[in-house]
Amino acid sequence: MLVIGIMIGIPMALVLARWANPAIELRARLAEAGGWTPADLTADVGQPLTLHLTSDDVMHGFAIGQSDAPALDVPPGTMVETTLTFERPGKYTFYCTRWCGLGHWRMRGTIEVSGPTSEPVMEPQPLYVALGINVDADHKIGDAPSQRPSAERGRALGIDLPEEYLSMDYYRAHSPVDLRDSLRANGLSDGDAWDVVAFVWRSNTTSEALAEGQRLYAANCAACHGEGGAGDGVAANALANNQHDAAMQFGQHTQRPADFTDLQSMLGASPALLQGKIIRGGMGTGMPYWGPIFTEPQSWAVADYLWTFVFQYQEAQ
Ligand code: HEC
Ligand SMILES: [Cu+2]
């Protein structure tokens, strides 16, 4: 009896465990062919969720937003198994990490994780919302300098700056032109004022954040905004001519990607505005939203990195 019990019981237990938590087959296809199927998954806190990932066309990638877990490659024709366990309830976004064409950015899905204590986690308000910044408003200035301001020249001026301009809170909430105007009112020449602005901007980030920002930019932004930030990535013309797949599928009017080397435009934008546009996206312009993909420090790191196209810093020239 005992032997029979073990012989039947163990396989039964295994079958039951598999049955209670069956692996979910998650198929990847180009966004225009349907993206992820299924795109909406559910899980329970603490319960393993096993996924069998396969691609029906080209190489895709799989990662969960706002997590440190490394991305998985999902090659066509093979099955990749992964098991996820979530510690906190909430809505997680999974996304493709491999450039698979113009619709790549739309290859996203969600995992709704419910838990025993389902009190919603209070998300802090993004800074651009708290400051009432309209991230879609034009912010060009009329009198941009003819060359890129230099943090090194600004530092070398050795100016004793009033304390209020040196805090992170000031930096994130103000545009370079705001600080330029304050410095001019304090008697600095225009050229010196811009260099001091570059120095203050550089003082509010770190080499580590800039390196992280550069990595995120190359992986996620360069295809549209270009390696050098000039708005001339491989997808730029399709966006400008409204041939982007978002335009064709949803009748949206996409635009040319922003040019981060355009001093007139960038010097009128605050870090909060840039980070706000990054997390919220463009709402139909073709600029994707990255809020569910990046952690908060990552979204600031990539915003900090955008200033390397505007100012001459020591690194990342
Ligand atoms: C699929 C193409 C595409 C990708 C990928 C993309 N962008 Fe954009 N982005 C755009 C377009 C188009 C605009 C202009 C329209 C708008 O502002 O909504 C834009 C605008 C912006 C702006 C607003 C600039 C300003 O002066 O107002 C910021 C900031 C920005 N993008 C940052 C990023 C970052 C950072 C990434 C990568 C994490 C990224 N974008 C990825 C297409 C893209
Ligand atoms: Cu893909």
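Helices are DSSP runs of H or I with at least four residues, numbered from the N terminus. The model is predicted, so that local features need pLDDT of at least 70 and side-chain atom pairs pLDDT 80 or more, whereas totals for chains, interfaces and linings use all residues. Residues are numbered from 1 along each chain as its sequence is written, ligands are numbered from 1 in the order in which they are written, and side-chain values use heavy atoms, without hydrogens and water.

**View 1. Helices at the second largest pocket.** Helix 8 (222-225), helix 11 (263-266), helix 12 (271-280) and helix 13 (296-306) each supply at least two residues of the lining of this pocket. Helix 12 contributes the most, with four residues. On a 1 Å grid over the protein atoms alone, a pocket is an open set of points with protein on both sides within 12 Å along at least five of seven lines, and lining residues have an atom within 4 Å of a point.

**View 2. Centre and composition of the second largest pocket.** The volume is about 780 Å³, taken as the space filled by probe spheres set on grid points that are joined across faces, edges and corners. Of the 34 lining residues, His 225, Pro 257, Ala 258, Phe 260 and Lys 277 are the closest to the centre. The lining comprises 19 nonpolar, eight polar and seven charged residues; Ala, Val, Leu, Ile, Met, Phe, Trp, Tyr, Cys and Pro count as nonpolar, Asp, Glu, Lys and Arg as charged, and the others, Gly among them, as polar.

**View 3. Ligand 1 and its shell.** Ligand 1 takes up the space of the second largest pocket, as more than half of its atoms lie within 2 Å of the grid points. Around ligand 1 are 26 residues, of which Cys 221, Cys 224, His 225, Lys 277 and Met 287 come nearest. Helix 12 gives the most to this shell, with four residues.

View 4. An N or O atom in the side chain of His 225 is 2.7 Å from a nitrogen atom of ligand 1. Oxygen atoms of the ligand lie 2.5 Å from a polar side-chain atom of Lys 277 and 2.7 Å from one of Thr 285.

**View 5. The largest cavity.** A cavity is a set of points where a 1.4 Å probe fits but cannot get out. The largest cavity has a volume of about 40 Å³, and its lining consists of Tyr 95, Cys 96, His 104, Trp 105, Met 107, Arg 108, Asn 220 and Trp 290.

Note on methods:
A residue is near a molecule or strand if one of its heavy atoms lies within 4 Å of it. A polar contact is a pair of N or O atoms within 3.5 Å; within protein, one must be able to donate a hydrogen and the other to accept it, and residues adjacent in sequence count only if both atoms are side-chain atoms.
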